[in-house]
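Here is a short report on the packing and pairing in one protein model. Please look over the sequence and the structure before reading on.

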Amino acid sequence: MSEPTGIEQSNLPNLHVDWYEAAWIRVSLFMMVIFLLAVIAASTAFGIQVPGAYSRIKPDEIMAPGSPFADPGLRELAPGKYEVYIRAATWSFTPSEIRIPVGSTITFYITSLDVQHGFKIMDTNINMMVLPGQISTLTTIFDKPGTYNLICHEYCGAANATIGHHTMYGQLFVEETPPSQ
Ligand code: CUA
């Protein structure tokens with residue numbers, strides 16, 4: 001009596017795939033190709049990047065002389081082109097108020113002095129993690145005037161009922177006319 005080994009089996013059972021299942025597999029593959037092309041196009045043609053670690057900084061060097069985070073703030077690089085260094089700490093952003101003229105391109109550099117914070121500007125897609133040891137960066141153009149609230153959206157603790165994560169916020173003013181310096 002010999003057991004069937006399977007190796008000698010010549011006629012494997014036909015793998016049956018229903019036509020609608022096959023159709024949806026093709027649709028899924030097609031969509032994956034479209035998504036892949038969209039990601040490639042976004043990152044190459046449009047320069048859209050996920051907010052990343054621009055560079056690293058040791059938390060104990062943030063306040064050292066010469067560190068841009070020791071004296072954070074807005075700097076005009078060229079007409080309509082700004083950079084801002086922001087220091088996040090429990091429970092504030094420094095500076096907490098930023099003023100730029102409408103149509104400006106602004107690059108944010110932000111790091112944390114202590115624990116993990118978040119940086120989100122409402123009504124925009126600016127949304128970054130702020131980690132101690134890491135400088136997060138993002139460049140964007142503000143072409144709509146108005147007041148934009150910026151908040152910490154990573155829970156970073158509370159000391160009592162009045163001070164804590166929920167009080168960590170600031171404002172970005174996009175002004176119709178250039179601010180007088
Ligand atoms: Cu900082 Cu929540």
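## Nonpolar cores

In this predicted model, the largest nonpolar core has 25 residues. Those with the most contacts inside it are F93, I98, F108, F119, I121, F142 and L172. Strand 3, strand 5 (97–101), strand 6, strand 7 (117–121), strand 8 (127–130), strand 9 (134–142), strand 10 (146–151) and strand 11 (169–175) each supply at least two of its residues. Strand 3 gives the most, with 4 residues.

A second core is separate and has 6 residues. Among them are F69, Y85, Y109 and I135.

Leaving aside neighbours within four places in sequence, I98 contacts L74, V84, I86, I106, F108, L150, Q171, L172 and F173.

Strand 3 spans residues 81–89. Of its 9 residues, 8 are buried, so the strand is largely enclosed by the rest of the structure.

Strand 2 (residues 73–78) pairs with strand 3 in the antiparallel sense, over 5 bridges. Their hairpin has 2 residues between the strands, and G80 there takes a positive phi near 80°. Strand 4 (residues 92–94) is also antiparallel to strand 3, with 3 bridges. Strand 6 (residues 104–112) runs parallel to strand 3, joined by 8 bridges.

## E83 between two strands

E83 has a partner on either pairing. R75 stands opposite E83 in strand 3. E83 in turn stands opposite T107 in strand 6.

R75 and E83 also form a salt bridge, with the closest N and O atoms 2.4 Å apart. Is E83 buried or exposed? E83 has a relative accessible area of 7%, so it counts as buried, the cut-off being under 20%.

## The other salt bridge

The structure holds 2 salt bridges. Besides R75 with E83, the side chains of R99 and E175 meet at 2.8 Å, N to O. This pair links distant parts of the chain: R99 lies in strand 5 and E175 in strand 11, 76 residues apart.

R99 is partly exposed, with a relative accessible area of 40%. E175 is buried, at 19%.

How values were computed
Residues are numbered from 1 along each chain as its sequence is written. This is a predicted model: local features need pLDDT of at least 70, side-chain atom pairs count only at pLDDT 80 or more; totals for chains, interfaces and linings use all residues. Side-chain values use heavy atoms; hydrogens and water are left out. Buried means under 20% relative accessible area, exposed over 50%, partly exposed in between (1.4 Å probe, protein chains only). Two strands pair if DSSP finds at least two bridges between them. A nonpolar core is a set of buried Ala, Val, Leu, Ile, Met, Phe, Trp, Tyr and Cys residues joined through side-chain atoms within 4.5 Å. Contact means heavy atoms within 4.5 Å. A salt bridge is a side-chain nitrogen of Lys or Arg within 4 Å of a carboxyl oxygen of Asp or Glu.
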